[in-house]
Amino acid sequence: MIRLVAWNIEKGKRWKLLEQCLELDAIRTADILCLNEVDDGMARSENRRIAHEIGERLGMAVVFGQTFKEFTKGIGDELLAPGENTTAVQGNAILSRLPVVDSRNVRLPQCHDPMKSAEKRDGGRHALIARVDCAGQLLTV
């Protein structure tokens, strides 16, 4: 049996709350975590590499797929975050205790122009797909 958790971590900007969630049995013992809205190098999330930090804490392999390059600090109270963005990307991540065989970040059709929103972005919608080795059988996530 594989335990998979899908989790919108809302950019990772509430790190203290995320740390508490990492202690929950359902998260701690999951075989695979599918994360969306994952920041990497954004001031609003303390310029953390969110997926990689979670993977390190849980001892999981990390596959990250960029969806957007961010040109602002975000929206609303995110604009008040101290400092500036570093890598300034947002994406999806798959974290796995099972060996990752391969992965790809598939671009999906654009529904709107992300440069016309308050949060200026370059990129679009993506689906992150990984194949993991599950006791000799491939599982596509």
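Mentor: Two strands are said to pair if DSSP finds at least two bridges between them. The strands themselves (E, at least two residues) and the helices (H or I, at least four residues) are DSSP runs, numbered from the N terminus. The model is predicted: local features need pLDDT of at least 70 and side-chain atom pairs count only at pLDDT 80 or more, while totals for chains, interfaces and linings use all residues. Residues are numbered from 1 along each chain as its sequence is written, and side-chain values use heavy atoms, with hydrogens and water left out.

Trainee: What makes strand E5 and strand E7 a pair?

Mentor: E5 and E7 (residues 126-134) are joined by 7 bridges and run antiparallel. The definition asks for at least two bridges, so the two strands pair.

Trainee: Which strands form the open sheet, and in what order?

Mentor: The order is E5-E7-E8, three strands with antiparallel pairing. From one strand to the next, the twist averages 15 degrees; axes are lines fitted to C-alpha atoms, for helices over the stretch in contact, and angles run from 0 to 180 degrees between N-to-C directions.

Trainee: Why are E5 and E8 called edge strands?

Mentor: Strand E5 (100-107) and strand E8 (137-140) each pair on one side only.

Trainee: What is the make-up of the whole protein chain?

Mentor: The chain has 3 helices and 8 strands, following the pattern β-α-α-β-α-β-β-β-β-β-β along the sequence.

Trainee: Why is the protein chain described as being as compact as a globular protein of its length?

Mentor: The radius of gyration is taken over C-alpha atoms, and the globule rule is 2.2 Å times the number of residues to the power 0.38. For 141 residues the rule gives 14 Å, and the chain has 15 Å, which is close, so the description holds. The C-alpha trace spans about 45 × 35 × 20 Å along its principal axes.

Trainee: Why is Ala81 called buried?

Mentor: Buried means under 20% relative accessible area (exposed is over 50%, partly exposed in between; 1.4 Å probe, protein chains only). Ala81 has 11%, so the residue is buried. Buried residues make up 43% of the 141 residues in the chain.

Trainee: Where does Ala81 lie, and which residues does Ala81 touch?

Mentor: Ala81 sits in the loop between strand E3 (61-70) and strand E4 (89-96). Leaving out residues up to four places away in sequence, Ala81 touches Ala43, Arg44 and Lys73, where contact means heavy atoms within 4.5 Å. Met42 and Ala81 are 39 residues apart in sequence and 9.2 Å apart in space, C-alpha to C-alpha.
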